[in-house]
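User: I would like to learn how to read the fold of a structure that is new to me. Could you take me through the main features, one at a time?

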Amino acid sequence: MEITEHIKYLATDGQLLADAAELTGPGAPVPACPGWQVRDLLRHTGAVHRWATAFVAEGYASFRPFPDEPDLDGVELLDWFREGHGRLVAALTEASDALECWTFLPAPSARAFWARRQAHETAVHRVDAQAALGTDVTEPGPEFAADGIDELLRGFHAREKSRVRTPEPAVLRVRTTDTGDVWTVRLSDRVPHTERTAEGPADCELSGPAAQLYLTLWNRPPAGDGATAVTVSGDQRLAHLWRETSAIV
């Protein structure tokens, strides 16, 4: 996807997140994040936005600690979130393609990395806010969802931090039924290795529309749940393993 498309998604989903949070109220529970209320969601996502903005706007070449979350609530918290979200969108829009700063996943450029990462960070938490409101969740577009699946599988779960491990080697396949994308995830007691291929047998396959797979792989909602259009075939234990161990740390 183009950087401009990621920024458009970031802008829209941030607004939708704030709108849902305003309607829900700060004390509503967030179903996908046990122990969190909407105020926690706003504080976390808003702090992430400010953290990312600092790298883009200041060009920091090395890691900087995550900022403290604010002791704000209600209208003040919503205003704080909206302000920080707007600053992030503006920083990415104005940044040069030649931007150099710290990143933590492979990307064509630093600007491309931060636009993509913040677009998906915000999209997932926008889903959380809408789920807390109890309304229908707005599904991401198929191309954006497939892009997010790729970031999750070939980015986050290619890191040593990934806890998706199996004592015996196994193969998980992920297949979108609308965009034609396929990923083969080779699991073992080491870091998962993912390729964009359909070659070879798989022990378990998750298939469905890209948007539903995107939500499923981010555990919103869980794989195999009757509320999703995702089909789980083969060894169900691998789908269970994903649900239990794939949370990003």
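**Reading the chain**

Analyst: Buried residues, meaning those under 20% relative accessible area with a 1.4 Å probe and protein chains only, make up 52% of the 249 residues in the chain. This is a predicted model, in which local features need pLDDT of at least 70 and side-chain atom pairs count only at pLDDT 80 or more, while totals for chains, interfaces and linings use all residues. Residues are numbered from 1 along each chain as its sequence is written, and side-chain values use heavy atoms, with hydrogens and water left out.

User: How many helices and strands are there in the chain?

Analyst: Helices (H or I, at least four residues) and strands (E, at least two) are DSSP runs numbered from the N terminus. Here there are seven helices and five strands, and along the sequence they follow the pattern α-α-α-α-α-β-β-β-β-α-β-α.

User: Which residues touch the most other members of the largest nonpolar core?

Analyst: A nonpolar core is a set of buried Ala, Val, Leu, Ile, Met, Phe, Trp, Tyr and Cys residues joined through side-chain atoms within 4.5 Å. In the largest one, with 55 residues, they are Leu-92, Trp-114, Ile-149, Leu-172, Val-174, Leu-206 and Tyr-214. Helix α4 (residues 110-133) gives this core its largest share, nine residues.

User: What does Leu-92 touch, leaving aside residues up to four places away in sequence?

Analyst: Contact means heavy atoms within 4.5 Å, and on that basis Leu-92 touches Ile-7, Leu-10, Val-56, Arg-111, Trp-114 and Ala-115. A second, separate core has 17 residues, including Ala-20 and Leu-78.

Terms used:
Buried < 20%, exposed > 50% of the residue type's maximum accessible area, 1.4 Å probe, protein only.
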